[in-house]
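Take a moment with the sequence and the model.

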Amino acid sequence: MTSEGVESTRPSDSSFSPVSQDLNFSDFAAAMSTFSFAFTGQLIMVNIIAEMKDTSEFPKSYVYMSVPFQALAFLGVGLAVYYYRGDAAAGMIVNELPFGSLAKLASVCLVTHMVVTFVIKSVVLCQGILASLRHGSVLDGMPESRLSWTVAVVLVVSCSWLVAQIVPFFADLVDLLGASFVPLTCFVIPILLFIRCIYDHGAATLGVSKGEMVVLGLELFFSLVLMVYGTYSTMAHINKQWHSYGQPFACHCENLWNTCECSASRMPSCPATANFVQVNSTATARMLGW
């Protein structure tokens, strides 16, 4: 986008301002849901700490190194895209880039990032699945084997592929997970467990001050609000946009192929009727059941 220049990348009808004039609480909740989905790692942190030789190094590696790096990376990229695209920017960043070698390179980087991230998460998930089955009646007493691990991996990958094909939208799915599942598992449950520890052992024994208790209370309240209102707001948005998502298992070419019918917003050379053609072709395909 830098090579193209803001005159080419920012649409004439998009606005660029420090604070959106149309900002409301629903948009704020959706943004916080996306942030929660991107930054929270409590689902695997305990497992990572359990694998460390020196657990005291975890705060330094995560709080002082990982989180600041992620924050600066997300903030820098987000501000740059907003500058070049204005409020026309939405969804995945690779969909905002003009077609070319740089867009391909960005896609390769995104795939690499996703593969590394979800391999780490999936290892933890598969270990948890096998541990639960061994302590239950399914694999009770059976030793660890490569076959059981392979079956667990194939099952997780197959379920992931099936969900990805059934759900015809991505950004809204991220918002939905960030509003419902993430606050519950990463904020509410850990806080409640810690409060239970305080109740059993006492705040003085654990070294918890009154200020920390106030922060915990505010975080718990904010998490509950985000979980309830954010989920409701995201579901209402999905219901409103349902007609534009297309069918499960359909071939969605939006912003993927360098044709005016599929990616008019990414190709300035497309005629003004490209969006009309795209909408009508999508509607026709839906009517025919394609």
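## The overall fold

How many helices and how many strands does the chain have? The chain has 11 helices and 0 strands. Helices (H or I, at least four residues) and strands (E, at least two) are DSSP runs, numbered from the N terminus. Along the sequence, the pattern reads α-α-α-α-α-α-α-α-α-α-α.

This is a predicted model: local features need pLDDT of at least 70, side-chain atom pairs count only at pLDDT 80 or more, and totals for chains, interfaces and linings use all residues. Residues are numbered from 1 along each chain as its sequence is written, and side-chain values use heavy atoms, with hydrogens and water left out.

## Contacts and burial

Residues 24 or more positions apart account for 66% of them.

The chain has 290 residues, and 24% of them count as buried. Buried means under 20% relative accessible area, exposed over 50%, and partly exposed in between (1.4 Å probe, protein chains only).

## Helix H2 against helix H9

Helix H2 spans residues 25-39, and helix H9 spans residues 210-241. They pack at an angle of about 110°, with their axes 9 Å apart. H2 is therefore roughly perpendicular to H9. Axes are lines fitted to C-alpha atoms, for helices over the stretch in contact, and angles run from 0 to 180 degrees between N-to-C directions. Angles under 35 degrees count as roughly parallel, over 145 as roughly antiparallel, 65 to 115 as roughly perpendicular and the rest as oblique.

The crossing of H2 and H9 is left-handed (the near helix is turned anticlockwise from the far one by less than a right angle; clockwise would be right-handed). H2 brings Phe25, Ser26, Phe28, Ala29, Met32, Ser33 and Ser36 to the contact. H9 brings Phe222, Val225, Leu226, Tyr229, Gly230 and Ser233. By class, that gives 8 nonpolar, 5 polar and no charged residues. Ala, Val, Leu, Ile, Met, Phe, Trp, Tyr, Cys and Pro count as nonpolar, Asp, Glu, Lys and Arg as charged, and the others, Gly among them, as polar.

## Helix H7 against helix H9

H9 also pairs with helix H7 (residues 171-201). Their axes come within 9 Å and cross at roughly 155°. H7 and H9 are therefore roughly antiparallel. Their crossing is left-handed. This contact has 18 nonpolar, 7 polar and 3 charged residues.

## Cysteines

A disulfide is a pair of cysteine sulfur atoms within 2.5 Å. The count by this rule is 0 disulfides. Is Cys186 buried or exposed? Cys186 counts as buried, because its relative accessibility is 3%. Cys197, at 35%, counts as partly exposed.

Conventions: Contact means heavy atoms within 4.5 Å.
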